[in-house]
Amino acid sequence: MTSIRSYRDLLVWQKSIDLTVRTYKLTGRFPSEERYGLTSQMRRAAASIPANIAEGHARRSTGEYLHFLGIARGSLAELETFLTLSERLGLIGGEISDSLWKNCAEISKMLAGLVRSISQNKR
């Protein structure tokens, strides 16, 4: 079993970085009038996921770590909301949309599992 020395060792952090990169590439194809709308909001929400995982991991207390994981989960929900809006506006769809939803679901499960694990070890 591999020990976790850094947030970079966390698979959920790695996958959320990948999701962020995909989000940046996807939104780069959005219409220019969305630059300060959906593009900006989606990028911010996506980048917030791994950033909060990293910040929480660097904190000194378990409570703080759980707090930042909660923020990461909230940012993931924000991104999912923007994905839904992008679909309804016809900006994305098909395989790209399906793939992003699968990534989001996987990260959501991983975050829930990490929270559960940390909470159980806290006792």
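Which hand does the crossing of α1 and α4 have? In this predicted model, the crossing of the two helices comes out left-handed. Helix α1 covers residues 11-27 and helix α4 covers residues 94-122, and the pair packs at an angle of about 155° with the axes 10 Å apart. Anything over 145 degrees counts as roughly antiparallel, so α1 and α4 are put in that class.

On the α1 side, the residues involved are Leu-11, Val-12, Lys-15, Ser-16, Leu-19, Arg-22 and Leu-26. Facing them from α4 are Ile-96, Ser-99, Leu-100, Asn-103, Cys-104, Glu-106, Ile-107, Met-110, Leu-111 and Leu-114. Sorted by class, this contact has eleven nonpolar residues, with three polar and three charged ones making up the rest.

Helix α1 also holds Thr-23. Its relative accessibility is 3%, and because buried means under 20%, Thr-23 counts as buried. Leaving aside residues up to four places away in sequence, the contacts of Thr-23 are with Met-42, Arg-43, Ala-46 and Leu-79.

Now for the charged pairs. Side chains of opposite charge can pair when their charged atoms come close. Searching the whole structure turns up four salt bridges. One of them joins the side chains of Glu-78 and Arg-44, at 2.5 Å from N to O. Glu-78 sits in helix α3 (residues 62-88) and Arg-44 in helix α2 (residues 38-58), so this pair ties together parts that are 34 residues apart in sequence.

Arg-59 takes part in salt bridges with two partners, Glu-55 and Glu-64. With Glu-55, the side chains meet at 2.5 Å, again N to O. With Glu-64, the closest N and O atoms are 3.4 Å apart. Glu-55 is partly exposed, with a relative accessible area of 33%, and Glu-64 is partly exposed as well, at 30%. These shared partners join Glu-55, Arg-59 and Glu-64 into one network. As for Arg-59, its relative accessibility of 34% makes it partly exposed too.

Technical notes
Residues numbered from 1 in each chain as written. Predicted model: local features only at pLDDT ≥ 70, side-chain atom pairs only at ≥ 80, totals over all residues. Heavy atoms only, no water. Axes fitted to C-alpha atoms, helices over the stretch in contact; angles between N-to-C directions. Helix = DSSP H or I, 4+ residues; strand = E, 2+ residues; numbered from the N terminus. Parallel < 35°, antiparallel > 145°, perpendicular 65-115°, else oblique. Left-handed = near helix turned anticlockwise from the far one by under 90°. Contact = heavy atoms within 4.5 Å. Nonpolar A, V, L, I, M, F, W, Y, C, P; charged D, E, K, R; others polar. Buried < 20%, exposed > 50% of the residue type's maximum accessible area, 1.4 Å probe, protein only.
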